[in-house]
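Me: I am new to reading protein models. Please take me through this one in short steps.

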Amino acid sequence: MAMTMQGEVTLPADRAAVWAALNDPDVLKASIPGCQELEKISDTEFQAIAKVAVGPVKATFKGGVTLSDLDPPNGYTISGEGQGGIAGWAKGGATVRLEDIEGGTKLVYDVEANVGGKIAQLGGRLINGVAKKYADEFFGNFAKILSPEESAA
Amino acid sequence: MTATGIGAPVRRKEDQRFVTGQGRYVDDFNRPGQTYAYFLRSPHAHATIRSINTGPAKIMPGVVAIFTGDDLAADKIGGLICGWMIHSKDGSPMKAGPHPALAQGKVRYVGDHVAVVIAETLAQAKDAAEAIVVDYEVLPAVADTAQATKSSVQIHDVSPDNTVFNWHLGNKDETEAAFARAKHVTKIDLVNNRLVPNALEPRAALGEYDPGNDNYTLYTTSQNPHVARLVLSAFIGVAPEHKLRVIAPDVGGGFGSKIFIYAEETVCVWAAKKVKRPVKWTSDRTEAFLSDAHGRDHVTHAEMATDENGKIIGLRVHTIANLGAYLSTFSSSVPTYLYAPLLSGQYDIPAIYCEVDAVYTNTAPVDAYRGAGRPEATFVVERLVEKTARELGQDPAELRRKNYVTQFPHQTPVIMAYDTGDYAASLDKALELADYKTFPQRKQESARRGKLRGIGFSSYIEACGIAPSQAVGSLGAGVGLWESAEVRVNPTGSVEVLTGSHSHGQGHETTFAQLVSDRLGIPIDQVSIVHGDTDKVQFGMGTYGSRSGAVGMSAIAKAIDKVIAKGKKVAAHVLEASEGDIEFKDGKFGVAGTDKTLGFGEVALQAYIAHKFSGQDLEPGLKEGAFYDPTNFTFPAGVHICEVEIDPDTGVTKIERWTAVDDFGVIINPMIVEGQVHGGIAQGVGQALLEGAFYDQSGQLITASFNDYCMPRAIDLPSFQVGMTVTPCPSNPLGIKGCGEAGAIAAPPAVINAITDALGHEDIAMPATPQAVWRAAQKTRMPMAAE
């Protein structure tokens, strides 16, 4: 079952710094909720392992993450596909655009995701809420890493 | 009528064990050395399997074996079959794609069987399944019934446009002519929503192999264990028929879903020999949602033509029937011969033409579910009649009455020959019980409270007692649909009846015993009903289509007649009279015109000791068998009236009154019959108001738990007012018509007709959830009556 989600966040860093962070596996790993591993295969490909819970279904997803439509330092498309064993599968992508604003950078995202198997069967009605929560967590973590106090530490 | 004979409301004998937790279901059986099977199922609706790597899983703790479709193919195990051949209009046979028990190269619905893990414990099997690596190439999927043939997705090689068959019934030219001269034509578009059967007991299978005798045993949740054995041996080839014993013990509800022969039991029997240990599988509820054959799923456009007097002169119907990703055992018969022949309803309609396009989709297989085709037909006819009445400004009850068949036998234009019935009598009784005359006052009273009240009729007919073997054979059935029985009288005079019918909630242990008690004049507790074991019962066709009374009991009655005939011979020897002078009455054999009698028990004993038999003419023993093949379908019919009250602010529909007047022919046990009616109505109300299985566009089942699939509960139902009329069925010796499906057939149009009456709105889709009803109510919101 498919879902879509749009949003934007304001980040307290300049566009170049945000762009660099968006391409930094360590930052991404620290930002992705439940991410246990994010291994760089090439400049645009990663292998990831993440723990995800949707309602009663908890699973470890293994899959690949690809960056495309690279337009430094304005944005890219990040897409991924993961298998969660008998929990099912998930795939999706987000286009990310960066804009300069007063005091930092505005990040605009547009997510499209699809899940199947047990997650869809049992977590169907929860999936939008969970996706929103994960997105909020991701950008919360991401913003925290980019904030001056965090950089200074 | 005796206290335990035909017509007596005897309490169900089997309920003692059911309500005290002493029933024995498949999962209650455990065999020494038993292993547990877990099926890895496809999370994709449609995908090519590039590879399956079971290596890492095989070395997991407790794993005994892992099998895939390749292993079944290597052992030349055949695919699952569809046992009813349908031919398209152009004469071509239906397009049956391969249906392997474990996927071979491709998966076609979410829940399709990819591999089986057999392990020491279920948890170990599940853990190992997690470690199997399947490389899928995900393909686009189509789940929507109406879109199946328009999609570029191709599910089976044999059917490029996903059509299984384009079938038709009736007379097209006569029907077109009727429409050409019609005064009025009523049109309707309907969806008969897909349902998940949801028996209380999920499916289960336990396979065992005895290498010493080369014998196989399968314990399975089956409504027809002999048919399962026949299919597993003759078609799938897992074991020779005489070496395979199939046991269907207590089964907790079937509703059709346990008629079919599925992948899981096939694999359990086969794997038991492979691993040399018993293999048990028990479905969990999610698996049941995904892989039990679903019901209904029709998209229909229908039109009814009436003349200037409101007489129905023609009916034409076009239906798209979703059969899912594979053809289940009897799937092809449901939207064809179990559907279109019922489109005449209770009405004298001279011309009917029906076209059915059956399609594949990337969804679970669809097959018979309580009513099987007949609820779909009744929904079409009864929605159309109701709508016609409204368009013509006629009373819906009186329009029905005007069109009822009144002369019997009545040949419809769609195969069926109705043998008997009195539809007006049922209508009159229902109108009286429902207090129809004062409905306007109740409607007004509801309006005063800001509520919308509506009344809806359903004047249904069904074809039960399935079925005359010659007739169904000519229509494409792969089997005959007779039934067998054996009546074994013991030397002590107690009786065991071995029946090919299978009880999974119907109460056969009681009703069948009532027949024996009635006919042989022995106490009901002297009678045992034996069923569900191919080693005990010689053969049988099982229980579905409300056939066990009309067909199964008729076989028993036939065997009882033979027992009485033999008993007369025994009595003649013992009483030293001529056989022709022996009469059997009130449980006693007597010599006519004398007071010399022998009780049934005495004759039984004499039959076995044979001390008084002279010569070789008479064989010892008292045991007789019979096969009964019906000569016609039976035609239960009745009128259900549903009265609802809708809260336009919340969209909640409350069923305020339910009146059911049914003609089931002769009734064996009114209490059980009433229970069947209650259960059937509950299921029909579930379909109308609550239940619906939905797949999203990618073929994911998004109603796969009771969280998202709403079953009817007591609070959703009123106290039913049930009445009966009786016209005995002329085609079987007991006059029985059958009652098991009536409620589920009658109920959905009654509910929807009542809701649309309340809303003043011509259609609302099932399930008519509060959301759907609220939306419809907003559209047609009428000014409330002044306080």
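Me: At what angle do the axes of helix H15 (residues 548-575) and helix H16 (residues 600-609) of chain B cross?
Reply: This is a predicted model, where local features need pLDDT of at least 70, side-chain atom pairs count only at pLDDT 80 or more, and totals for chains, interfaces and linings use all residues. Residues are numbered from 1 along each chain as its sequence is written, while chains are lettered from A and ligands numbered from 1 in the order in which they are written. Helices (H or I, at least four residues) and strands (E, at least two) are DSSP runs, numbered from the N terminus. The two axes, lines fitted to C-alpha atoms over the stretch in contact, with angles from 0 to 180 degrees between N-to-C directions, come within 9 Å and cross at roughly 80°.

Me: How are H15(B) and H16(B) placed to each other?
Reply: Angles of 65 to 115 degrees count as roughly perpendicular. The crossing is at roughly 80°. H15(B) and H16(B) are therefore roughly perpendicular.

Me: Which residues of H16(B) meet H15(B)?
Reply: Contact means C-beta atoms, placed from the backbone, within 7 Å. From H15(B) come B:Gly567, B:Val570, B:Ala571 and B:Val574. Their partners in H16(B) are B:Val603, B:Gln606 and B:Ala607.

Me: In what order do the 7 strands of the open sheet in chain B lie?
Reply: Two strands pair if DSSP finds at least two bridges between them. The pairing here is mixed. Strands S3 (63-68) and S11 (244-247) of chain B are the edges, each pairing on one side only. The order is S3-S5-S1-S12-S9-S10-S11.

Terms used. Angles under 35 degrees count as roughly parallel, over 145 as roughly antiparallel, 65 to 115 as roughly perpendicular and the rest as oblique. Two residues are in contact if their C-beta atoms, placed from the backbone, lie within 7 Å.
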